[in-house]
Amino acid sequence: MSLQIPDDLITTLAAAERVVVLTGAGISAESGVPTFREAQTGLWAQYDPRELATPQAFARNPRLVWEWYAWRRKLIQQAKPNLAHHALVDLEQALPTFLLVTQNIDGFHWLAGSRDMIELHGNIARTRCYEEGHVVSWWEETDELPPRCPHCGGPLRPDVVWFGEGISEQALRSAFDAAAACDLFISVGTSAMVQPAAGLPLLAKRMGARVLEINPAQTALSVIADWSLQDKASNLLPQLVRRLDFPTNAIDGAEQ
Ligand code: OAD
């Protein structure tokens, strides 16, 4: 059975001038990409992030880290965006000012058609030089892993943000400025535990925005959210978009 979407949420969304959406691994869960912190299935339940997702891990064992990301890249290549990603494209096209901020590195939002977006943690499809930082699109395939940068010979790494690394200042500023100025902030499929992304809805709320959370589980954000809808993103987001077509019907109490 699908969850009832409150009418006041529909009216708020229909009237919103500036909407910011933050997504996390949960939005891609139904595409078949594992999340991080869920007890049985999350990646961090099976793997130690300190051994795989830090610059120190790469310095210690670059082959292991490269191969782990190559495995994840393959999983992602075999999957595709789901109804929740597509619903966010519809929202972007329907709303006057919209920004999507994602912590996901799977590139599914772009693939679905989202354009006004920031990939805070990078994109697993891109590769860059560990030494010099530039993105590299070609390298010689040899038995050596990780492969070497064609410019400087340094090792290559995925273009993602690891624990202990900084996020691009420009990306952060744009995300925080948008969160401070929005009237509705929507958090989808994130445990809201990892900074700085977790600070975005809190800032939005402090600056007067209404906050909607979509997540089948309770999170730290649920208590401050104006609406905390506990259901899957691929159920709720398409419903939300469908209801947006009838805001006046909802207000008038007409059949929905
Ligand atoms: P988490 O694994 O921490 O949280 C995923 C959330 O998605 C959980 O709260 C689930 O309840 C929820 N969820 C599961 N299925 C869902 C569905 N169908 N619809 C909606 N929600 C669903 O993942 P993130 O919050 O994205 O960073 O984690 C943030 C960052 O921590 C990641 O970007 C990654 C990770 O370590 C780095 O690797 C730097």
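Residues are numbered from 1 along each chain as its sequence is written. In this predicted model, local features need pLDDT of at least 70 and side-chain atom pairs count only at pLDDT 80 or more, while totals for chains, interfaces and linings use all residues; side-chain values use heavy atoms, with hydrogens and water left out.

**Exercise 1. Work out whether the radius of gyration of the chain agrees with that of a compact globule.**

Step 1: Take the rule, 2.2 Å times the number of residues to the power 0.38, with the radius taken over C-alpha atoms.

Step 2: For the outline, the C-alpha trace spans about 65 × 35 × 30 Å along its principal axes. Of the 256 residues, 50% count as buried (under 20% relative accessible area, with a 1.4 Å probe and protein chains only).

**Exercise 2. Describe the surroundings of Ser234.**

Step 1: List the neighbours in contact (heavy atoms within 4.5 Å). Leaving aside residues up to four places away in sequence, Ser234 touches Glu30, Asn82, Leu83 and Ala84.

Step 2: Look at Glu30 again: its side chain makes a polar contact with the side chain of Ser234, at 2.3 Å. Such a contact is a pair of N or O atoms within 3.5 Å; within protein, one must be able to donate a hydrogen and the other to accept it, and residues adjacent in sequence count only if both atoms are side-chain atoms.
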